[in-house]
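Subject: Structure handover

Hi,

Here is the structure I promised to pass on. My notes follow below it.

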Amino acid sequence: MYVAESDSTPPLPCVKAYRLTDSVIVKDAAQEKNMVYRDRLILITCFSFLIQLCLAAKTRHFKWEVEYMYWSPDCLEGVVMGINGQFPGPTIRAVAGDTIVVELTNKLHTEGVVIHWHGIRQLGTPWADGTASISQCAINPGETFVYRFKVDKAGTYFYHGHFGMQRSAGLYGSLIVEVGEGEKEPFHYDGDFNLLLSDWWHKGSQEQEVALSSKPFRWIGEPQVALLINGRGQYNCSLAGHVSNSSTPQCKLRGNERCAPQILHVQPNQTYRLRVASTTALASLNLQIGNHKMVMVEADGNYIQPVTVDDLDIYSGESYSVLIHTDQDPSKNYWISFSVRGREPKTPQGLTILNYQTTSASHLPPSPPPVSPLWNDYNHSKSFSNKILAAMGSPKPPSSYNRRIILLNTQNTIKGFTKWAINNISLTLPPTPYLGAIKHRLSNAFDQTSPPEKFPEDYDVMKPATNTNSTYGNGVYMLKLMTTVDVILQNANALATNVSEIHPWHLHGHDFWVLGYGEGKFKDEDVKKFNLKNPPLRNTAVIFPFGWTALRFVADNPGVWAFHCHIEPHLHMGMGVVFAEGVHRVKGIPNSALACGLTGKFLMSNNSGRH
């Protein structure tokens, strides 16, 4: 029988009370009878308490093998990265408080692998975060690594590869955490669906990596195919060809193809929860459901104030839950559509169908899919983002900060190579994981100079840099444990004139409060605009072109944590930083997490088990 560990678990009543009669003198039979009754009651209470713990929290075991395989995600066969013969990988469903154990075996033959559990804070298990060169060594071909961590909070999450560009290769899946035993969601629904969004190229991820690292620079282009919904899309045909003005032909699918859409079957006059997560490598997306409004209730695993919207912007790394009410004509079916935002759309809509089960799922919607906002209508995007506020009763941010770090996002060149940089430093990860290097005080494992905390005051974020040269670096922002940190994400003009891109930034190991957004260069007086009343808690936040985004978090989770743009090519080109806090307090790091680089040599020389 397994009893889950919990930081908040009260002491068992039997531990304190069940001492029987070691030092008690029984004076008469009545007293003895009462004491026996009391002891039995304590035993029953104790046993009942243990049963409740077992029911409330479980250990869920998974054995996974990661390998390349042939698949047809868009009806055209190609190579994808899958898990146990599945693409996307298996969905994990758990309950808050559960412990997840994944035995991950690398069967890729020639490359390492790790998996990041996106949105899971890894409280007490920073080595299980799944970030190569930061929390662990990449898992070598043929080797097995055991991820063991607790899912402490209900919400909509996902997992994905975090080594090279393996997310682009298809290494991802959903992770859904339900509320704990005896708890209820603050909203009602009759059923739920899971929508994992991704984009897809016919060019393999390794070829993409080479292109992005070439001189001259070779851009990988926009995704060539329709966007994938739960790993399914259609290339060179459209589900809506019968109502489209384009020359794209109608898809002719039987329904059992790997690229056939997963249809959402619903009953009339019911409320359904749609869990939507974006693991796209590049695209920002917009969701619409024909004739149906959506009520947003959750963002990145945190409850938000319910707000009704016609469409929803979702950036790479974000997740939402929305409620829909099936109150439309039950004799029709309706489009669920995803369109590209923030980039000129050269990728067709991703489509599936909301099927009222009072009619056949084969009856396609009679009207065209909803038309999304213009790809560069940033006012629409900003208005949407500003509608997201924390639900009543959510944790409030500290009223002030201990440290402010301003991160300038720029596109640069280094010896003729095109890179992305933060405060003029393009991140290159070291061969020794930061977690082990800092824990064991290996000062020669990475650059000991702290990266810049701001950029020159005379830098004009509205124009291309006068000097585009940058440098490589792998220094760490060392944060004092339990301090409050403000991060100002500052966007700027890229190399080309009048070009500034959307960047969704994801923080590992923490949630942060999104205090606000602004235009142009951040100024000290902009703090007056901060929302300290009900800012949303998120793990991913966007910065809009030529603007800034203000975040606040508490450095309360010992470990080393990545903070980076979640667009896969941008991270590959250096768009990220590393935070470390309280590493000396981290216990129980498995040797297998550190068996490479200088930590591997250190452990071999010390032969010291666990630390």
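Val578 sits in strand β32, which covers residues 576–581. Keep in mind that this is a predicted model. Is Val578 buried or exposed? Val578 is buried: its relative accessible area is 0%, and the cut-off for buried is under 20%. Which residues does Val578 touch beyond its neighbours within four places in sequence? The contacts are Ile134, Leu427, Tyr434, Val476, Tyr477, Val560 and Trp561. The C-alpha atom of Val578 also lies 4.8 Å from that of Ala562, and these two residues are 16 apart along the chain.

Next, the sheet around β32. Strand β32 belongs to an open sheet of five strands, ordered β24-β32-β31-β26-β29, with mixed pairing. β32 pairs with β31 (residues 559–565) in the antiparallel sense, over six bridges. One of the bridge pairs joins His564 to Gly576 in β32.

Now β4, residues 99–106. Seven of its eight residues are buried, so strand β4 is largely enclosed by the rest of the structure. Strand β1 (residues 59–71) runs parallel to β4, and eight bridges join the two. Trp64 stands opposite Leu104 of β4. Strand β6 (residues 144–150) runs antiparallel to β4, with seven bridges between them. There, Thr99 has Lys150 of β6 as its bridge partner.

Last, β12, residues 271–278. How many of its eight residues are buried? The count is eight of eight, and the strand is mostly covered. In a regular strand, side chains alternate between the two faces of the sheet. Both faces of β12 are covered. On one side, Thr271, Arg273, Arg275 and Ala277 are buried. On the other, Tyr272, Leu274, Val276 and Ser278 are buried.

Strand β9 (residues 191–198) pairs with β12 in the parallel sense over seven bridges. Phe193 stands opposite Leu274 in β12. Strand β17 (residues 319–325) pairs with β12 in the antiparallel sense, also over seven bridges. The bridge partner of Arg273 in β17 is Leu323.

Over to you.

Best wishes

Key:
Residues numbered from 1 in each chain as written. Predicted model: local features only at pLDDT ≥ 70, side-chain atom pairs only at ≥ 80, totals over all residues. Heavy atoms only, no water. Helix = DSSP H or I, 4+ residues; strand = E, 2+ residues; numbered from the N terminus. Buried < 20%, exposed > 50% of the residue type's maximum accessible area, 1.4 Å probe, protein only. Contact = heavy atoms within 4.5 Å. Pairing = 2+ DSSP bridges.
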